[in-house]
Amino acid sequence: MEVPVVMLAAPGDTMGDSDSVGQVAEAVAMAHLLPELRTCGQASAHAVQKRLAGPLGTLPAQELARLLADADQLRRVSATGAVRAAGRCAMAEVRVALGTLPPGSLPGRMAAQAVTAAGAVARLRTLAAALSNSEPVHDCYSGAPIDLDTESWVRSAAIVRTSIATLEERWPDLASSVAGLTARLSTTRGGTSNARLRNRLAGLSTARANRAARLTGRLAALVHPAEPPTIPAGRPTDPELVKWLRRKVQRELYTQEYESQMAAWLGTDPFRLRVLPSVPEFLSSTDVTALAADQVAPFLRRISLTRPAPANDELTLETLAQQTGQVSVAVRTPDARAWGQPADDGAPLLPHRTEIPHVVHGIWLGRTMPPTTRFWDNFARGARRYAGRVDFVFWTDVPRERFDAARTAPTDGEADPYVYERALLRWATANDIALVNVFEIFHAEAPMRTHAQYVLESAKQLPRGYAACSDHLRVEIQCRFGGAYVDGDNAFVRGTGDELTDLPDFLDQVADSTFGFTLHPVVERGGCCNDIIIGPARHPAFELWLECARLNYFRTTASLFGGPSGLAGKFVGDKWQALRYVTASRTGRVHHRVLRLLGIDSADLPRSRATIAPGSELSWLPPHSGERAELRGWTDEDVLSVLARCATILQWQLIARSGDLYLTSVEPVLRCLPDPDSAWIAMLSVLTEVDGATGGSAASAVRSVTALRRNDDRTMSRVDLPPEAAALLDYSVCPRSWLGSGLGADSEPVWLLDEQVSPASFRDPSDVAPLSFADVAVDPFGIPVGLRLRSPNSCTSRFAVRFAGVAPGEIWLWLVPDADIQTRPRADIVAGLLVELGAPDAQTVLLGSQSVDLRQFDAQLGDLLGRPVRRVEMATPTVGEPLVECLPFPDYLRLRDEAKRCE
């Protein structure tokens, strides 16, 4: 094959005449058609060879004569040199035509292919003309032997006839394509905005990189090395209780070896979130674990956040004994002290006197309690109804300092930083409700038994995480103080007829009941809820509950659902879709196991319906359309605190979800930050600094990524990663074992709990690969006409028809619908790709569908480009121009660079 020399005009030359441009366009079209001509011709030659391989008598004489005549004619024409001359002439004409074009109009590789194709087609046409003039040979040839030389000419003739027939058949269909190529080649491509846009994007990228680097450095400085695991604080000290708990749940419970082994399931504590707070000064002389039932109410009233911190001597046991609270008391016989447990069970006995303080506990943690929740009204009504007989306590994680400031700081209108604290103080004071801070009670010398689990859940910084914290805290409160825990969406009502009407009377009934405690039996459903818990302090059932809740964190997410296949079930759209949220299985349903272990039927527990009417606002669930961003003022310390908690959650989920990087679990939190891009980069980068549970870094444990979520209303929520963060995730590898292994094709994403989990690994930040989620659609001149954002695993070639009929001066963008997270549009990334394509001045046309809302993307991209983006709805592919091909973006850049070197 001859290697053509690409001749380009001098810089001052103008575009060649229309004949030259049309000639080049036709040559380019022939270059794209030439592989098809060769394929058809080779197939025909193979068929002829098979027919010649048998006895000559199997061929009709007339057909054999035609084959021999064609072969003879090809031999004679070839000997004249006319075929070779036609090819050289066509190639020379195309070279001359190329020389009239402006520099860079056609890549060198494409120019070489066009020249070669022009020569090849010219030779074919010359041979075809000779064959059309050949005369059939007389029958006397029918018995002549066919030598090998003649056979090769017969095959050549078959190739020529089939190829030229294919060319004649296809060429009319390509007429419009040649016209389009001519128009495109005649259009001068400008680059006036390229440098300006490139500089602007570089500035954005540099600013983001600088912010992310500063944030990463400060966050990494907070990371502490992993410490040796220890037996959890707050363990029970009664040897008989420990023996019974071991018999019920785990025979090695609270041994050093077992607890050290289980500590790995909680992950390391890289940011020291689990460090217990010190004892408040005003509690330094008070043992909060040793309060008598009648001391609980006066104690909680005196430490209420509605008043300044009390003096130390106000909280001594002697002082508290001077003003006792009301208590329900039941005196038990020796048999009744066994609270219904078998004699050989070894269950700890209840005290001779079962005492339940007349205290109602309510909990709201984390986010501001919205004014629309029924909690405000229900607890206010209950506190007023039972004033003087029952004390109501509201547990919060808002520190005392903020309430002190709210009482003294002047109001600052809409920007008031203490508006929530002021509202709580007004509500609590007006209704005589005590406000109690969680960690003033559960401190370093009297911690929760589920402290580590509580901290993990609070680190989620989402309602379902705070709901899990509440699941732990309500049992811890009941175990320490006793009384009645009641969810805020339950109402305090008056019964009718013979039913009990007063809460104190119901507390008396519970104290005197067989089991000495109760929950919320739902007899009509044959179940039980934990939204009501009533009993005395240190009840053995509450002790067992805490252990079951604690050990539930030593199980994978898959095991909570009966195995990986349980995660793949249908949840959205089902009446039980709330069960897709792990909170229900991890903490919300622990009481079911407790009752099974105790052999208690929930129908036998005292029922509270005549006193407490159940309600269910499901405030812990996200809105059906997904989590909403909360706007607030942020300091750098706030951002670092949020990221430290998010990184801790990701580290723990790598354990609980078998190596899955659970990005959707933190996305609603990071979306609220003032600079989410820098936050993502910093948080993912710092995972390489965080120790993993089994050695190495947390990042090295990544075997899959969850970054796409189906909301309860069936809409999709995607994680919007900046390019620097996206480049850290390598979707091109499929680890041997990952969360979705065995549930589908080895390398294909799977849907678990209505979230898409994709096999992946974590790249070292110093060795990131280029982004590979874009394909470039190019016309035969190598000019970009379209940009396709896709999943890395998607096929590219069959989507070329999407970019058929692109007018000169346009470039089309197509975002593949329903693809995974890598297709999420980012205006700065797309603008950067347009710069790399040399097409920032082209009219950008966005192909979309009714199911994809890209209005924000349209506006952002238009702002960067300095002109509006045109939107075209395209539900089905456009079939037409066949000369467009899609190349992965890195391949396009490589071929473009090769073409430049050829020029």
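Over the protein chain the mean pLDDT is 81, and 81% of the residues reach 70 or more.

Two notes on reading this tour follow. The model is predicted, and local features need pLDDT of at least 70, side-chain atom pairs count only at pLDDT 80 or more, and totals for chains, interfaces and linings use all residues. Residues are numbered from 1 along each chain as its sequence is written, and side-chain values use heavy atoms, with hydrogens and water left out.

**The nonpolar cores**

Select Phe299, Trp395, Leu663 and Leu684. These residues have the most contacts inside the largest nonpolar core, which has 116 residues. A nonpolar core is a set of buried Ala, Val, Leu, Ile, Met, Phe, Trp, Tyr and Cys residues joined through side-chain atoms within 4.5 Å. Buried means under 20% relative accessible area, exposed means over 50%, and partly exposed lies in between (1.4 Å probe, protein chains only). Helices (H or I, at least four residues) and strands (E, at least two) are DSSP runs, numbered from the N terminus.

Which residues does Leu663 touch, not counting residues up to four places away in sequence? Among them are Leu650, Trp680, Leu684, Val705 and Leu729. Apart from this core lies another, of 38 residues, including Ala380, Val390, Leu425 and Trp427.

**The six-stranded sheet**

Select the strands S5-S4-S3-S6-S9-S8, which in this order form an open sheet with mixed pairing. Two strands pair if DSSP finds at least two bridges between them. At the edges are strand S5 (433-437) and strand S8 (518-522), each of which pairs on one side only. On average, neighbouring strands of this sheet are turned by 30° against each other, direction ignored.

Helix H18 (residues 503-511) packs on the sheet, where it touches strand S3 (359-363), strand S6 (483-486), S8 and strand S9 (527-535). The direction of H18 makes about 100° with that of S9; axes are lines fitted to C-alpha atoms, for helices over the stretch in contact, and angles run from 0 to 180 degrees between N-to-C directions. Strand S4 (residues 391-396) pairs with S5 in the parallel sense over five bridges. Within this pair, Thr396 stands opposite Asn437 in S5.

**The aromatic cluster**

Show the side chains of Trp364, Phe375, Trp376, Phe379, Phe392, Phe394, Trp427 and Phe492, which ring pairs link into a cluster. Rings of Phe, Tyr and Trp (its six-membered ring) pair if their centres lie within 6.5 Å; planes under 30 degrees apart count as stacked, over 60 as edge-to-face and the rest as tilted. The whole structure holds 17 aromatic pairs. One of them joins Phe375 and Phe379 as a tilted pair, 4.7 Å centre to centre, with 35° between the planes. Because Phe375 and Phe379 are four residues apart in helix H12 (residues 375-385), about one helical turn separates them.

Is Phe379 buried or exposed? Phe379 is buried, with a relative accessible area of 0%. The ring centres of Phe379 and Phe492 are 5.9 Å apart and the planes stand at 75°, so this pair is edge-to-face. The pair links distant parts of the chain, since Phe379 is in helix H12 and Phe492 in strand S7 (residues 491-492), 113 residues apart.

Select strand S19 (residues 784-789). Six of its six residues are buried, so S19 is largely enclosed by the rest of the structure. Strand S18 (residues 774-778) pairs with S19 in the antiparallel sense over five bridges, and Val776 stands opposite Leu787 in S19. S19 and strand S20 (residues 810-815) run parallel, joined by four bridges; here Arg788 stands opposite Trp814 in S20.Continue to Gln756 in strand S16 (residues 755-759), which is buried at a relative accessible area of 11%. Finish at Asn552, in the loop between helix H19 (540-551) and helix H20 (557-560). Asn552 counts as buried at 9% relative accessibility, and beyond its neighbours within four places in sequence it is in contact with Leu560, Ser585, Arg586 and Val590.

Key:
Contact = heavy atoms within 4.5 Å. pLDDT = per-residue confidence, 0-100.
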